Amino acid sequence: MAEAQEGPGRRGKRAGAGAGAGAGAGAGAGAEEPAEAEAERAGRRRRRSFQPAAEPLGTTVLHDTVSGRPQPLPARYFDTRTTEPISFFLSGLEELLAWQPNSNDEFNVSAVPLAKRQPPLLSKRPRTLVCHDMRGGYLEDRFIQGSATRNPYVFYHWRYIDIFVYFSHHTVTIPPVCWTNAAHRNGVPVLGTFITEWTDGEKLCEAFLAGGEEAYRAVSEQLARIAQHYRFDGWLVNMENTLSAAAVENLPPFLRHLTAQVHSAVPGGLVIWYDSIVQNGTLRWQNELNEENRVFFDACDGLFTNYNWKEEHLERTRGLAGSRHTDVYVGIDVFARGDVIGGGFDTDKSLRLIRQHGLSAAIFAPGWVYEHLGEENFLQNENKFWGLLAEYLPTHSICTLPLATSFSLGMGTSRFLAGKEEETGPWYDLSAQEIQPLYPEREGRLSTGCCLQDAWCGGSSLRVQGTIPPSEERVAVRLFSLQMPAPPKLFLTLLYKLEGPQVDEFTVALELTTWDSGTCHEGNVTSLPEPNSRHHPRFLPAPPPGLAKLLAACDHGSHGWISRCYELDLQDCSLRDLSLLVSRHQPSPQETPFTCLLGEVRVLDAASMAASPPQVQSVTASQLWWQKGPEAEQLSLSITLRWAFPPGRASCFRILSQGARCRQGQTSPQLLGLAQGCLYRAVGLVVPRPVAGQSCRLELLVEPVLPDELPVDPNRWGRLVLVYSEPADGTSSDGH
């Protein structure tokens, strides 16, 4: 019997939470016997079927007959070659008005709720909006379950921005769900784009704006329903065409109705207007807020100005905006097209002026770093670009626990699990991006960035490089800003690896700081602390009772990674910062360089760790597509899985295959991919082809990954057993 593996037609390996199938073994069954010997024995077995044993709790058993009939899936929702689910846009007014929720587009619904953070979006400090515009959009990011893209574009400086807009020139740009998942995990709302342009845009606007209240209300209600259904957070409205008198008269009421509908349908939803049309319907960019475009600003949540402004535009804008000055997002084109200030690596010049006037900023096309400077050194250039702006970008604090991250960017050149390289080869899946830290930079003293060559889990680790100054014992590297009440007991875990020739000279630990509340103290200490007191959690060489499974790896590294666990008791405290503390054992009159890779950090509320995880239930299968396999004794199967699990209880799900086999036996699970919600489409699984009268068995597993990344007992996973056979009349999978 040929070894079961993933088929060559599959677009690319999916990103697991660090795991990956070995090359050529994605579906997992081992080769038990040569195909010739298997065929010889077929007659002696009297064509008996595979009889599965009693199945464990949470298992669904499905019987299917192999069919070669074509299984066309809608091209809007699935790649026509592989049937992989894809993200999509809507073109024109007819498609917008005809849109309805559809079971085929469930893959496009974001399963990651918008994480809370501080300060909230509606606070009055100046905000930063990023508008992503790259080569027309819907590139490799359209593949919902990932692709095998080498050197992809990723964004990861989420701590520094407030709003993310996905922009394209399609009429209705629904953000690819991978962007919504990544942004939401890091607390950033995502807007789609509703755009009209050129002559076709004039006709479209005339059709729904000049047509009266019923027509424009139908459009605004559809846009709100789309945002609600796909769980993104609102719209950038960009009309770059002339409007008739009748159409422009209805534009402010349209914006008011759209804004009200979005606010009603989407908690915290936003509608932002782009500076283009003036109040008489002429297309004339103003580069500021003024009396020509104020009527549109007053009708929605904000104005995104054009890019050709000077400082006097900022002064007038600030004066006219009044108390809503942070609702004006002054446009910065990073490509520096037209008569602009800054752009490229001089974007800080624009941002400095905007901040001096207390206004928000809209950074358009920061993908310039990737498109203009090239893919090869993208990560270094990206850190340089955002590092130059950091002085003018207020950061955001995490305000909920658990906090658990392996720092993966949602891409890599390999996949790692428990510090071991499981598979080589490029992969890209922004939905698998984990919570991102601050990226502190101190010229010549400290740098932080991504390391693709080594990781604990996923595709990358966080490389921290710096120096300990002369005569100082240690340096603290701020990873996360926190703003939340501290629970009475915290557990913290750290996985790290020191690099370089002098690794024995350093100690690495975590440090928590708290806000000075006047009452905060640690453990049984009764004296008042210093302001912003620093807490060094107690090292736990062995796990405390009842937490053996969680902390089994404490003080037991693997593949060069060192694992440490800590506990901290606090009373009446509020958490402020989580930092990495690098200390040297001996004082030195010289500065001491260090390089540390961070593989994983967790901050856990001890009280919330006792609850047992739910059971994955009701695993079902649909949209089965059988094809001939790469070898005569093989078949290729694509199949959609769905299951039930309580909302909010899992951060994602690992989808594994226990392998396909035509006799009794057991194989090790192999990772197929990662699902953010309760559905997944496995594509191109190569399985053994049953001989006539024989049944074979494929077992697929759904493993929930909890927010605190505590392990889940396999008896709580979901299972689907597919028992399949050739049709009794001998018709093969190719229909003959």
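## Exercises on a predicted model

Just after helix H3, Gly187 takes a positive phi of about 85°. The model is predicted.

**Exercise 1.** Is helix H3 (residues 177-185) enclosed or open, and what covers its buried residues?

*Solution.* 
- Step 1. Take the cut-off: buried means under 20% relative accessible area.
- Step 2. Go along H3. Val177, Cys178, Trp179, Thr180, Asn181, Ala182, Ala183, His184 and Arg185 are buried.
- Step 3. Conclude. Nine of the nine residues are buried, so H3 is largely enclosed by the rest of the structure.
- Step 4. Find the cover. It includes strands S4 (128-132), S5 (163-166) and S7 (190-197).

**Exercise 2.** Find which residue Cys662 is joined to by a disulfide, and where each partner lies.

*Solution.* 
- Step 1. Apply the cut-off: the two sulfur atoms must be within 2.5 Å.
- Step 2. Cys662 and Cys696 pass, with S to S 1.9 Å.
- Step 3. Cys662 is in the loop between S30 and S31, and Cys696 is in strand S33 (residues 695-705). They are 34 residues apart, so the pair links distant parts of the chain.
- Step 4. The link is right-handed, with 90° about the S-S bond.
- Step 5. Check burial. Both Cys662 and Cys696 are buried.

**Exercise 3.** Give the strand order of the open sheet of five strands, and name its edges.

*Solution.* 
- Step 1. The order is S2-S34-S33-S30-S31, with mixed pairing.
- Step 2. S2 (59-65) and S31 (670-675) are the edge strands, since each pairs on one side only.
- Step 3. Look at one pair. S30 (residues 652-661) and S31 run antiparallel, joined by five bridges. Arg654 has Leu674 in S31 as its bridge partner.
- Step 4. From one strand to the next, the twist averages 20°.

Key
Residues are numbered from 1 along each chain as its sequence is written. This is a predicted model: local features need pLDDT of at least 70, side-chain atom pairs count only at pLDDT 80 or more; totals for chains, interfaces and linings use all residues. Side-chain values use heavy atoms; hydrogens and water are left out. Two strands pair if DSSP finds at least two bridges between them. Helices (H or I, at least four residues) and strands (E, at least two) are DSSP runs, numbered from the N terminus. Axes are lines fitted to C-alpha atoms, for helices over the stretch in contact, and angles run from 0 to 180 degrees between N-to-C directions. Buried means under 20% relative accessible area, exposed over 50%, partly exposed in between (1.4 Å probe, protein chains only). Contact means heavy atoms within 4.5 Å.
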